[in-house]
There are 2 protein chains.
Amino acid sequence: MTAIEQDKSQENSALHFSALEPPRRYLFGPGPTMVHPRVYEALSKPIVGHLDPYFIQVMGDVQQLLKTGFGTSGATLVISGTGSAGMEAAVANFVEPGTKFAVFANGYFSDRLTEMAKRHDANVVRFEKPWGETFTEDEAREFIRREKPKVVAYVHAETSTGALQSGQAICAAAHDAGALAIADCVTSLGGVPVEFDQTGIDVAYSCTQKGLSCPPGLSPMAISARAMDWLRARTFPVRSWYFDLKLIYDYSTVSHRYHHTAPISMFYALREALLVIAEEGIEKRWERHRRCHKVFVKGIEAMGLHMHVPEAHRIATLNTVGVPKGVDEAKVRKRLLDEAGIEIAGGFGPLAGKVFRIGVMGPLATEDNVQFFLKEFKRTLSAEGYSI
Amino acid sequence: MTAIEQDKSQENSALHFSALEPPRRYLFGPGPTMVHPRVYEALSKPIVGHLDPYFIQVMGDVQQLLKTGFGTSGATLVISGTGSAGMEAAVANFVEPGTKFAVFANGYFSDRLTEMAKRHDANVVRFEKPWGETFTEDEAREFIRREKPKVVAYVHAETSTGALQSGQAICAAAHDAGALAIADCVTSLGGVPVEFDQTGIDVAYSCTQKGLSCPPGLSPMAISARAMDWLRARTFPVRSWYFDLKLIYDYSTVSHRYHHTAPISMFYALREALLVIAEEGIEKRWERHRRCHKVFVKGIEAMGLHMHVPEAHRIATLNTVGVPKGVDEAKVRKRLLDEAGIEIAGGFGPLAGKVFRIGVMGPLATEDNVQFFLKEFKRTLSAEGYSI
């Protein structure tokens, strides 16, 4: 084929692809959630270089603005990957071969923490509970006292189950044992209080596409002074160069020496999403989510459905609703998507087929939107044979 | 502080941050480069979920469209991180403890490959040359025959030096030795031919913000059938869960089972950037870059400056220009940025202070833009004491 012929065939091949026209979706799943128009506008602003003084300022603003949601006066930074990248950064940087790593295991993401820690040669010990349950303060303390780990990890808001785990006793017991406490805050940051400093968390990671209502692509982290000391004292090299927090911290906040090329547009978006939150006020935002959660639960129970997690341990932004007997949850989800453009998620692992996972967060967390969702959900369940 | 008082202080704190208004930059550095308006438009389209049928289609389109730039009929996929994440994925998946890993070392990115391979417990052997030089076919064959590595890695287009390394002899010798060949194509994909299949590359990774003219944030990869077999036969777990290519390949192309939440907006942007390229025609695009490169070099030499890399081994899209005696390259760069909004980069490592790194790629690769750059560059050099 000559170059000209090949160009022709390539021109033709471009014609096989339609223009990008994403369908309108109401994102009532566990994330990604809806995005504020200002954040989309920020995404489309012209990029500058990753070492440009303007971009250094954007990174600095993001780090500053993140402190409020995390509830910390300490260090924050952003990993150039999604929430799972933050998890891997947390594990890779605080595990050396043989490090005793204790996991509070009550859902999918604690299993993922386990898997990552094993791959990094940690000596993993697990305290297991059924998916959806949480750990009491006494149980947490007793486990950590008995196991004497070097690192303790738990999932603050478990996306797979809808359960919120208080970190107070876990972190205190970890510190008593001389251990660091890692908290998965992927589903909590921006939607419910994290209280990093007050809880005594040492390492928290999150994502952009849930409580922060930004598209996915970055993973914000908070790191305590104790954890920073731990990092500096570390001698065994971090297996992952890309996730090496010392190098990322240096690029982001100290020397601004090149590490990798940060995703400029995503930082623009995250900065704008954090400004939208700051303008609303984080306390007001949390309260809005709590209020909508109550409306949601009331509506769900009025349909005769039940919430999977006991009231005291629910995540305000992410609800797990039991699938009623005789209803095929996959069909409900497909019909909701096809007929109403509404995305929700199903359960997986031990909860496969047993729960719907329904997020009410960010721009969707208004009473009107909850009522809209409940109406469509009810209609769809009826169409799939559930008599209310 | 009461909740209301705190909200007030947070509202005030939002006021400390100005609106996002990035300065206008002409990105003549090694990347990120300028972005087509259609790509910015794609970035700001409403997101759908990462398991939405529409998004699965977008991922599939991206994989399909990537084949042309890579020059492969085989597997392509996209890592949810920047180019360095692609490098880490390549190393982490094809190294097991003790794997003999041969690096052709003639610049910064081969040093980074070395560093990553060591962190993954490879037994690294290096063939070193000064930054800017390349390896002949005989040298490449002789090194691989002597060392008998399991994996061979080289940098196709070395961003730190401007040198283009032919992979033909390296890949052939690697295959003769039963080894896999990894090629860093971060600076070549979309700008100059990669010819993955024809060269015999097994694993190539790239980025979005150079030859593809998309913002940074994703790392496209191409993987040969031999490399896929290698992956399937691997028994030692990949240290990195986030970069585990078997899991990513399964999510992206086979079962679409959840692995991580892909950066939806960045995939939209990459799809659009690839469509822009397909519409131009990849051969025409390469030719446009070659043509502009010639105009650039002619202008540079007319100023009495010299190109760092010999003519036969230059990357068409990324030029290294010697800093003339008595000129402070950092001052030149600062003045160019401040007065003309033009970003270029300096050298680092052994080339610190010795070269300018000047990219002419994507939307900037037109004769008019090159002339605009040359005029501003000349004016700036004069202002910094260089008499032409």
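Tutor: Gladly; let's begin with one strand pair. Strand 2 of chain A runs antiparallel to strand 10 (residues 219-223) of chain A, and 5 bridges join them. Within this pairing, A:Leu77 sits opposite A:Met221 of strand 10 of chain A. Two strands pair if DSSP finds at least two bridges between them; helices (H or I, at least four residues) and strands (E, at least two) are DSSP runs, numbered from the N terminus. This is a predicted model, where local features need pLDDT of at least 70, side-chain atom pairs count only at pLDDT 80 or more, and totals for chains, interfaces and linings use all residues. Residues are numbered from 1 along each chain as its sequence is written, with chains lettered from A and ligands numbered from 1 in the order in which they are written.

Student: What is the order of the strands in the open sheet of chain A?

Tutor: Strands of a sheet pair through backbone hydrogen bonds, either parallel or antiparallel. Here the 7 strands follow the order 2-10-9-8-5-3-4, with mixed pairing. Strand 2 (75-79) and strand 4 (123-128) of chain A each have a single partner strand, so one side of each lacks a neighbour in the sheet.

Student: How many residues does each chain bring to the contact?

Tutor: Chain A and chain B bring 72 residues each, where contact means C-beta atoms, placed from the backbone, within 7 Å. On the side of chain B that touches chain A, helix 11 of chain B gives the most, with 9 residues.

Definitions and conventions
Two residues are in contact if their C-beta atoms, placed from the backbone, lie within 7 Å.
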